[in-house]
Amino acid sequence: MIQLENVSKSFFIVKKAPGLGGSVKSLFVRNKETVEAVKKIDFTIADGEIVGLLGPNGAGKSTTIKMMTGILRCDHGRININGRDPFRERMKYTKDIGVVFGQRTQLWWELPVIESFDIIRKIYDVEMAEYNERLKLFDEMLGINQIIHKPVRNLSLGQRMLCDIAGAFLHNPRIAFLDEPTIGLDLNIKSKIRELILAMNKKFKTTIILTTHDISDIKALCERIIVIDKGSIIYDGNLSEISDLVGQNQEVGIYLENIENNQLLISAVQSEFAPDEVLDIDVREDYLNIRISNKITVSQLMGHILRNENIKDFTISEPDVEYVIRKVYAGELGNED
Amino acid sequence: MAIKRYASIYLKLLNVNIKSKLEFAADFWISSIGLILTNLTSLFTLYFIFQHIPMLGGVSYYDTIFIFSFFTISTSLHQIFFDNIWSIWIHFIEGSFIKYCLRPIDSMFYYLTESIDPKGFSQLILGIALMAYSGANLNLNWSFINIIFLVVLLLCATSIYTSLMTIAAALGFWITDPFEVISLVNRSKDFGKYPITIFNNATKFIITFVLPLGFVGFYPSTFFVKDTINFMSLMTVPVALILFFAQRLIWKAGLNRYIPAGS
Ligand SMILES: Nc1ncnc2c1ncn2[C@@H]1O[C@H](COP(=O)(O)OP(=O)(O)OP(=O)(O)O)[C@@H](O)[C@H]1O
Ligand SMILES: [Mg+2]
């Protein structure tokens, strides 16, 4: 079980004027700038959940992961994971977790991967039978047996990532923290990694916390997402309900008889509805895609539009996660009132 | 129990590191030859000096070679087993040091054992040969008790140098880029290689009390080259112990306040 209560973390950046004069001056006058990377966040994650931590670049996702993995101490608040304080009880705490920072490897750079695995086995005291069973499973799912005899430095990014993920699950951790585990990978390797994550979660009830900028990772893996923006949590809940963030919206697609008249229709819609009712209109030759918020209904919109003789056909669809998340990342948060 | 686990991890790392390093045989031989040549250059300098003067700072030729050999052995042991400390500054700059905080083993152990480099063996063998040569000419009595003292003092000397390097490295927890400090300790180590009597008083003071590199070579070797047991050579043991514990404390304090560089 993971519990974060009112957790904050700030970084101080010492600003110094350029040149030698600036360096000398900074020795005496500390001109500090504060970056509030994480601001008073709260959440609880139960055993066996898969949770996606989302948010734009610099939102504070990695900082949150670093606090949860015991690397960073939080300035305020309380973190309790598996009944321990990750920072103060690092040695005991790290026994039960597996961590991947997608940008860098945690295997022994110069050694063949299989030797890294064996060292990991010794570090965590994994039983030989269990270890062999794991390796077999990883090979079935990831096909790593052809690459584990090579030194890590000779692997491609994707091969290295497969081995790193395997390494993180080798000791059957209760929780796996995966910070951008699919960064820079091709579709094939991405899907292998997703399958492994799902299998670990299903078979061993491993709790998974992951960050990613890839919407398809989220769709494939997460039931629950936590969206962080500028250090604060702006959404914590089901993936399927994320569209609440921009005001429950729906999309109406309209096919036109006559392309020339589409401007007429657009201005008719825009004059009737306010910008927080009709969110945007996407124009593609004979097709218009209209997104509406929860302030109006589809029938209200259609009632207005159908008077227009120019319409050939129309479709109604549910909100699109990708659209919502793009909006969130662009900082255009909807109507939270 | 803990010791058994660490020993098993260490033996494994030792084994696979040496195996993987020796796969690059050319690399091994070239760097071995390089190391030997560097040492021979210093030796020739000493040889030429003694062609012109009988004593260096009141120390005879064979005594000087003995000190040199002692220093060579202790620093070779550092180089084989703990040289990874040298490159730690890269991890501080890149923020990649966090890797060593994510597993249930001591972070210093984890870092120091990551790379073990057999190329220092060539230098170690040179050091042993020089010690045998100078010892024979000095008519040293290699009694059992003397050999015990030799081993203990060598291990203390290695530990002192490794502790000094570790303290320099641990500054990286505060200043982000400890390269200059690490490199300063590394470049100054040669002060321990020669009879301390050749240096001026300020230097003597520094390499005895501030950056005690005199204990890496000169002081402990005087245990063997002087007829009477001298106080400073025995001080090597407490200095090693003090620096060992100081280094552990500084590392721990550093880890506690460490803020990895971004990303
Ligand atoms: N060591 C540090 N020193 C100063 N500022 C830092 C440090 N680490 C992170 N920050 C700042 O904290 C904020 C949050 O960074 P963080 O790495 O947590 O973002 P993120 O959500 O992981 O972003 P990304 O998606 O780009 O990985 C950023 O503004 C970043 O510049
Ligand atoms: Mg990040």
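Student: What share of the contacts in chain B with a separation of 6 or more comes from residues 24 or more positions apart?

Tutor: That share is 76%. Keep in mind that we're looking at a predicted model. A contact here needs heavy atoms within 4.5 Å.

Student: Which kinds of secondary structure make up chain B?

Tutor: Helices: chain B has twelve of them and zero strands. Read from the N terminus, the order is α-α-α-α-α-α-α-α-α-α-α-α.

Student: And why is chain B called as compact as a globular protein of that length?

Tutor: Set the value against the rule. The globule rule gives 18 Å for 263 residues, and the radius of gyration of chain B is 19 Å, which is close to that, so the chain counts as that compact. As for its box, the C-alpha atoms fill roughly 60 × 40 × 35 Å along the principal axes.

Student: How much of chain B is buried?

Tutor: Buried residues make up 52% of its 263 residues. The accessible surface of the chain is about 12300 Å², and carbon and sulfur atoms hold 71% of that.

Student: What about charges on chain B?

Tutor: There are 16 positive side chains and 12 negative ones, and the centres of the two sets are 8 Å apart.

Student: How do you know how many disulfides there are?

Tutor: The whole structure was searched over all chains, and the search finds zero. Take A:Cys74: the nearest cysteine sulfur belongs to B:Cys101 and is 16 Å away. A disulfide needs the two sulfur atoms within 2.5 Å, so A:Cys74 is in no disulfide.

Student: What makes A:Cys74 buried?

Tutor: Buried means under 20% relative accessible area. A:Cys74 has 17%, so it is buried.

Student: And B:Cys101, buried or exposed?

Tutor: Its relative accessible area is 4%, so by the under 20% cut-off B:Cys101 is buried.

Student: Why is B:Leu155 called exposed, then?

Tutor: The exposed label needs over 50%. B:Leu155 has 51% relative accessibility, so it counts as exposed.

Student: Where does B:Leu155 lie?

Tutor: In helix α7 of chain B, which covers residues 144-170.

Definitions and conventions
Residues numbered from 1 in each chain as written. Chains lettered and ligands numbered in written order. Predicted model: local features only at pLDDT ≥ 70, side-chain atom pairs only at ≥ 80, totals over all residues. Heavy atoms only, no water. Helix = DSSP H or I, 4+ residues; strand = E, 2+ residues; numbered from the N terminus. Rg over C-alpha atoms; globule rule 2.2 N^0.38 Å. Buried < 20%, exposed > 50% of the residue type's maximum accessible area, 1.4 Å probe, protein only. Areas by Shrake-Rupley, 256 points an atom, 1.4 Å probe, with all protein chains shown as cover. Lys, Arg positive; Asp, Glu negative; His and termini not counted. Charge placed at Lys NZ, Arg CZ, Asp CG, Glu CD.
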